[in-house]
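Hi everyone, thanks for coming along. Could you bring the structure up on the screen, please? Then we can walk through it together.

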Amino acid sequence: MSAVEPRSGAYAEAFRQSIDEPEKFWLDAARAVDWAQFPTRALDDSAAPMYRWYPDGSLNTCVNALDRHVAAGRGDQTALIYDSAMVPTVRRYTYAELLDQVSRFAGALAERGVTAGDRVIIYMPMIPEAAIAMLACARIGAVHSVVFGGFAAKELAARIEDAQPRAVVTASGGLEPGRVVEYLPMVNRALELVADPPATVIVKDREQVPGSAAERPGWLDWDTVVAQAQPAEPVTVAATDPLYILYTSGTTGKPKGVVRDNGGHAVAMTWSMRNVYDIGAGDIMWTASDVGWVVGHSYIVYGPLLVGATTVMYEGKPVGTPDAGAFWRVIQEHGVRALFTAPTALRAVRKADPESAELEKYDVSTLETLFAAGERLDPDTYKWARHTLEVPVIDHWWQTETGWAICANLTGLEPMPVKAGSPTVAVPGYRVRIVDEHGAEVPPNTEGNIVIGLPLPPGTLTGLWHDDERYVGSYLSAYPGNYATGDSGYIDEGGYVFVLGRSDDVINVAGHRLSTGSMEAVVASHPAVAECAVIGIRDSLKGQRPSGYVVLKAGVDIADDTLRDELVAMVRDQIGAVATFRDVTVVPALPKTRSGKILRKTMRQIADHEQYTVPSTIEDVAVLETLEQVIRSAE
Ligand code: COA
Ligand code: AMP
């Protein structure tokens with residue numbers, strides 16, 4: 001049973017059919033995609049819980065994103081607008097130009113032995129070559145794995161080690177406000193850390209960043225290889241073949257390699273563009289995220305291009321590049337119809353420009369809808385954005401694993417009244433339920449674990465890269481028959497879902513998903529640290545921020561400031577600047593259960609000034625009381 005109440009209307013009918021007649025629903029949806037071989041079946045559940053969508057279909061994702069629009073006579077339409085507030089510059093690619101660039105780069109990869117099924121790591125800033133590299137992999141059936149530029153060498157190395165790529169594609173660096181991030185030393189260090197580094201490294205040289213392929217023996221220059229390459233023809237792959245791996249933070253330090261297929265992904269992306277975002281051919285969509293995150297994969301690159309829209313790729317920040325009018329400038333300059341960003345970006349704009357003086361300077365009348373995801377859209381920020389922009393503001397909830405919205409207000413299907421604080425209702429295909437710790441469904445308005453009944457719809461993860469056991473263990477075993485989202489929340493009597501936050505050790509800092517476990521591993525490796533806990537505490541701008549609590553080894557004499565500086569530098573060096581690890585508090589002991597488990601949830605409740613009950617399993621209540629005193633006196 002679904003927790004969504006029966007309704008009438010287009011949403012209710014679509015939802016009902018997606019659950020009661022999934023074969024019909026998803027085969028109908030598949031007709032919006034060009035197939036080499038149209039599938040005769042939607043779902044293959046023969047190896048459940050490892051489900052596969054469109055088992056006998058075949059296609060090429062790049063053909064769907066580029067070739068078919070050119071073939072339909074829209075080669076001169078703009079496919080991609082690169083707008084850099086950092087350089088600054090604007091560059092436009094038509095569909096025909098993008099197809100040419102992608103085919104050439106695909107040829108360059110193929111000439112270096114990259115074939116269907118091979119992995120390619122893409123470690124790039126927000127430049128068009130990142131999207132070109134992704135699509136080039138799709139063209140030849142290679143599997144890309146994009147690594148966010150804010151991650152440091154060790155994180156990059158962990159991903160290279162797991163994916164075993166045949167090539168690494170990178171750039172000389174990224175541009176952050178006030179500093180240049182040189183990638184090549186990091187790539188070099190990462191390759192030194194892995195056992196079996198790939199032979200091919202291709203570098204897009206950026207004139208704003210020092211370093212180039214020429215300085216590294218054997219590394220290749222992007223422009224040179226593209227100029228010499230023969231354009232590659234698309235390779236037809238099975239719908240079930242992987243399109244990409246995207247590593248995301250789990251509860252342990254080891255990232256999870258989320259695998260996305262070709263067929264289910266193309267269908268889900270296409271369906272979501274029409275029904276969730278109401279964007280089609282010729283429309284202009286701007287997703288202000290980064291290609292290193294799932295939001296960037298789905299709605300900077302694949303979604304808009306699959307439906308023949310124009311995508312804006314923005315290199316810059318919402319504030320400070322140069323001011324809080326940056327978003328409004330981009331909307332005006334490119335005639336953006338739909339903007340998708342993270343609530344933290346809206347909070348940053350509001351903080352920098354509380355009276356919206358910057359907005360007055362621009363004509364943003366093309367904007368029809370603002371979409372938000374990546375973290376909870378708090379009611380206060382929702383109301384500010386709704387009032388300021390005077391357009392519908394749509395919160396929608398999803399994860400790297402699902403690849404597209406689990407809950408949304410389906411703008412293109414049937415818009416619904418907004419309830420501030422809720423991403424609205426379950427999207428067709430998702431059986432969203434709230435269960436207690438035993439897996440029993442709870443009544444409306446009762447908080448619990450948010451799970452999704454299996455099978456998940458097309459476009460969601462098909463597993464973790466080469467690790468079915470971890471996939472089942474992490475997501476499917478806690479509540480048999482369901483996928484555990486890791487989020488907690490409730491559903492009201494009207495079927496509106498409210499997502500309250502993670503119930504595990506994953507945190508969301510400025511819309512960036514991070515693992516406190518991996519930060520703990522770094523902090524624990526400091527010679528002065530006996531034990532530690534890193535928890536996510538509330539932050540008025542970034543939603544959450546990591547906060548470290550450290551117990552020193554007996555006899556160690558180190559000033560708190562020195563320890564803090566060293567730990568901050570270590571996390572920055574080993575995980576990356578994006579971790580924004582800055583808070584360190586030295587405590588005499590960590591509160592634990594009698595079985596030795598650190599009471600992280602209670603610690604977070606204390607730090608966030610929430611009411612808490614002392615767990616009955618606590619080993620020593622005095623430790624908790626002391627901790628509270630230390631936290632309060634440090635505030
Ligand atoms: N490459 C290298 N470093 C990066 C980086 C990248 N791609 N992205 C961020 N960093 C660095 C920043 O330079 C900063 O370094 P610093 O400590 O030297 O200043 C650090 O990581 C933290 O960055 P960030 O979290 O972005 O904080 P900020 O203060 O620079 O900006 C916001 C705050 C809110 C403006 C910004 O986080 C933002 O725009 N968030 C939206 C995020 C988003 O779109 N998420 C995608 C999900 S939809
Ligand atoms: P990521 O995998 O980086 O997309 O992060 C996914 C996590 O971000 C989810 O599990 C949620 O905890 C959180 N999240 C994303 N979107 C929302 C939203 N609209 N409301 C609440 N939480 C969200």
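Let's begin at ligand 2, which is surrounded by 15 residues. The closest of them are His396, Thr400, Asp487, Arg502 and Arg513. Please keep in mind as we go that this is a predicted model.

Which atoms of Thr400 and ligand 2 come together? On the Thr400 side we have a polar side-chain atom, and it sits 2.5 Å from an oxygen atom of the ligand. Arg502 also brings a polar side-chain atom to an oxygen atom of ligand 2, here at 2.7 Å. Arg376 takes part through its backbone: a polar atom there is 3.5 Å from a nitrogen atom of ligand 2.

Now over to ligand 1. How many residues are around ligand 1? There are 24, and those that come nearest are Glu176, Arg179, Lys542, Arg572 and Arg582. Take Lys542: a polar atom of its side chain lies 3.0 Å from an oxygen atom of ligand 1. Lys317 has a polar side-chain atom 3.2 Å from an oxygen atom of that ligand. With Gly149 we are back to the backbone, where an N or O atom lies 3.3 Å from a nitrogen atom of ligand 1.

Let's step back and look at the whole chain. The domain assignment gives domain 1, residues 10-488, and domain 2, residues 506-634. Where the two touch, 23 residues come from domain 1 and 21 residues from domain 2. Their centres, taken over C-alpha atoms, are 32 Å apart. Together the domains bury about 1800 Å², with 49% of that on carbon and sulfur atoms.

What holds our attention next is the polar side of this interface. Across it there are 10 residue pairs in polar contact. On the domain 1 side, the elements giving two or more residues are helix 6 (153-163) and helix 12 (343-352). Which of them gives the largest share? That is helix 12, with 3 residues. Sorting the domain 1 side by residue type, we get 5 nonpolar, 11 polar and 7 charged.

Salt bridges show up here as well, with 2 found across the interface of domain 1 and domain 2. If you search the whole structure, you find 41. One salt bridge to look for pairs the side chains of Asp573 and Arg189, at 3.2 Å from N to O. Another joins Arg16 and Asp20, with an N to O distance of 3.5 Å. Both of those residues are in helix 1 (residues 10-20), and they are 4 residues apart, about one turn of the helix.

I'd like to finish with some backbone details. As background, most residues other than glycine have a negative phi, and most peptide bonds are trans. You'll find Pro49 in the loop between strand 1 (43-44) and strand 2 (52-53). Val87 and Pro88 are also joined by a cis peptide bond, and omega there is about -15°. Pro88 belongs to the loop between strand 4 (78-84) and strand 5 (89-94).

Last stop: Glu390, a residue other than glycine, has a positive phi, near 55°. Its place is the loop between helix 13 (379-389) and strand 20 (393-395).

Terms used: Residues are numbered from 1 along each chain as its sequence is written. Chains are lettered from A and ligands numbered from 1 in the order in which they are written. This is a predicted model: local features need pLDDT of at least 70, side-chain atom pairs count only at pLDDT 80 or more; totals for chains, interfaces and linings use all residues. Side-chain values use heavy atoms; hydrogens and water are left out. Domain bounds come from an automatic or database domain assignment. Contact means heavy atoms within 4.5 Å. Buried area is the accessible area (1.4 Å probe) that two parts lose on being put together, summed over both. A salt bridge is a side-chain nitrogen of Lys or Arg within 4 Å of a carboxyl oxygen of Asp or Glu. A polar contact is a pair of N or O atoms within 3.5 Å; within protein, one must be able to donate a hydrogen and the other to accept it, and residues adjacent in sequence count only if both atoms are side-chain atoms. Ala, Val, Leu, Ile, Met, Phe, Trp, Tyr, Cys and Pro count as nonpolar, Asp, Glu, Lys and Arg as charged, and the others, Gly among them, as polar. A residue is near a molecule or strand if one of its heavy atoms lies within 4 Å of it.
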